[in-house]
2 protein chains.
Amino acid sequence: MSDLRLPGDPALRAEASAWFETLRDRLCAVLEAIEDEQTGPLSDRPPGRFERTAWDRAGGGGGVMAVMKGRVFEKVGVNVSTVWGELSEPFRGEVPGASPDDGRFWASGVSLVAHTHSPLAPAVHMNTRHIATAAMAWFGGGADLNPPLPVAEDTAAFHAALRDCCGRHPCGDYPRFREWADDYFFIRHRGVARGVGGIFYDYIDADGASFAFTRDVGETFRAIYPDLVRRRMAKPWTDEERERQLVYRGRYAEFNLVYDRGTRFGLMTGGDADAILMSLPPEAKWP
Amino acid sequence: MSDLRLPGDPALRAEASAWFETLRDRLCAVLEAIEDEQTGPLSDRPPGRFERTAWDRAGGGGGVMAVMKGRVFEKVGVNVSTVWGELSEPFRGEVPGASPDDGRFWASGVSLVAHTHSPLAPAVHMNTRHIATAAMAWFGGGADLNPPLPVAEDTAAFHAALRDCCGRHPCGDYPRFREWADDYFFIRHRGVARGVGGIFYDYIDADGASFAFTRDVGETFRAIYPDLVRRRMAKPWTDEERERQLVYRGRYAEFNLVYDRGTRFGLMTGGDADAILMSLPPEAKWP
């Protein structure tokens with residue numbers, strides 16, 4: 001496929017995909033710094049470092065999966081990908097801006113899922129993306145906090161940071177994006193939320209303003225999440241707290257495998273299974 | 001709903017649902033006997049016993065979930081259910097014998113999923129069922145062996161028992177049922193089989209012969225699976241073997257949550273989440 005035929009604005013595509021890689025590097029740096037800082041549980045182990053693995057997509061593009069198995073982070077993955085090509089015909093009806101006779105798409109994004117050893121520190125998910133089809137181009141993303149044992153002040157700090165971020169941008173509709181996260185990250189068959197929420201947004205027309213908002217979501221996440229981990233990472237935990245974490249993680253795996261659109265889309269369309277399922281917890285229980 | 005309006009043959013319905021409960025009792029008895037027999041690893045613990053929990057279905061019927069957490073079986077569940085009512089309109093097109101203006105159904109079955117502590121002993125799944133809709137009534141079922149570390153002679157013995165069972169019945173088309181299991185119990189996104197196979201059959205017209213076959217599948221399973229566990233249960237295992245088992249179980253959880261029709265149907269239609277997800281492994285890893 002010649003670059004001329006790709007949908008979307010070439011300059012914005014280039015800037016967005018470069019930004020997602022920059023954000024990935026900054027996220028990896030702060031998470032590695034936390035590994036260095038640990039003086040609490042498991043600090044006899046060496047600090048973790050990310051390992052990167054590149055993958056190619058048969059239909060066009062590819063990505064890099066970065067995974068760290070450390071002493072604070074039991075498993076954390078940060079994926080970037082930039083892919084393009086033609087949507088399969090049955091799938092075109094489900095993607096805004098695609099039409100039966102024009103299934104071209106271009107998509108780039110960064111996603112992070114972190115699972116800490118400590119049940120007292122929160123797991124987390126963050127994703128931002130820029131997608132273009134023949135007739136539309138948009139930004140989307142979000143972040144939600146997944147503490148096995150929620151702490152009210154941490155939850156409040158996470159929401160406050162995202163609320164302030166939204167408040168800095170005309171397109172940042174915080175009440176709507178927060179409710180969207182509550183609706184989306186819900187384990188319907190159990191009638192419980194996956195975590196304590198955050199924001200979720202999608203189909204925000206791609207322009208300089210929505211790109212600025214998307215960058216700010218990434219930077220806001222990069223500031224608040226490490227702070228929440230630092231608050232809790234030095235404290236020892238009990239076997240009972242660890243057990244509760246493992247059961248909580250089972251619910252998390254259920255959500256990702258049964259409901260998460262990105263996960264199911266990836267699995268159903270032949271994506272790289274290891275990269276798609278990077279989000280699954282390192283250990284989980286269904287006692 | 002008056003009993004007169006239920007689809008299917010009343011005598012066969014009554015006999016089948018009673019049989020599934022009888023088979024449940026026999027399966028529980030042999031698995032509890034294995035718990036008593038253990039002299040190998042974890043034999044310092046008390047032998048496990050099943051605990052039963054009844055549940056009702058809002059639209060009609062209900063079931064009993066029997067779960068044992070023992071010293072040979074880390075977690076084994078045996079569910080029986082007999083449910084009836086009206087299929088939702090969008091779902092009628094997917095169920096043989098249902099029509100847009102007649103969504104009556106009656107369904108009864110028994111299912112078993114066993115996960116052993118030992119990675120050297122096989123996990124297993126077995127299910128048999130009788131379902132009736134307005135214009136059809138059938139038996140279905142199957143069993144597949146899920147050893148984390150397959151042993152060729154055990155796999156051969158499992159397949160031979162099922163082959164011999166099929167050979168005793170005119171409707172027992174072993175080559176077809178074995179291939180059906182290979183197709184069904186396949187983790188497509190990883191390109192690997194869930195286990196080492198078995199049989200899977202469905203939509204076999206309900207009559208005395210197919211009921212006899214279905215009973216024999218249950219009895220055959222009750223004879224062969226305990227024998228395979230007894231062969232392996234006394235041997236100690238290594239940490240590395242346990243680790244391989246936990247990763248194998250992660251794949252098993254992926255299959256059940258992403259592909260298994262019964263699991264997804266149950267979750268999407270508001271069934272009892274604990275009973276539906278009884279099949280999930282007690283512990284799993286995605287390292």
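Mentor: Helices (H or I, at least four residues) and strands (E, at least two) are DSSP runs, numbered from the N terminus. This is a predicted model, in which local features need pLDDT of at least 70 and side-chain atom pairs count only at pLDDT 80 or more, while totals for chains, interfaces and linings use all residues. Residues are numbered from 1 along each chain as its sequence is written, chains are lettered from A and ligands numbered from 1 in the order in which they are written, and side-chain values use heavy atoms, with hydrogens and water left out.

Trainee: What area do chain B and chain A bury between them?

Mentor: Buried area is the accessible area (1.4 Å probe) that two parts lose on being put together, summed over both. Here 24 residues of chain B are in contact with 24 residues of chain A. On the chain B side, H189(B), L257(B) and W286(B) lose the most area to chain A, together 27% of what that side buries. Carbon and sulfur atoms carry 62% of the total, which is about 2100 Å².

Trainee: Which residue of chain B meets R190(A) in a salt bridge?

Mentor: A salt bridge is a side-chain nitrogen of Lys or Arg within 4 Å of a carboxyl oxygen of Asp or Glu. Between chain B and chain A the count is 2 salt bridges. In one of them, at 3.3 Å from N to O, the partner of R190(A) is D274(B).

Trainee: Which residue of β10(B) is the bridge partner of E283(A)?

Mentor: Two strands pair if DSSP finds at least two bridges between them. Strand β10 of chain A (residues 283–285) and β10(B) run antiparallel, joined by 3 bridges. In β10(B), the partner of E283(A) is K285(B).

Trainee: What radius of gyration does chain A have?

Mentor: The radius of gyration is taken over C-alpha atoms, and the globule rule is 2.2 Å times the number of residues to the power 0.38. The C-alpha trace of chain A spans about 60 × 40 × 40 Å along its principal axes. Because chain A has 287 residues, a compact globule would come near 19 Å, and this agrees with the value for chain A, 19 Å.

Key:
Contact = heavy atoms within 4.5 Å.
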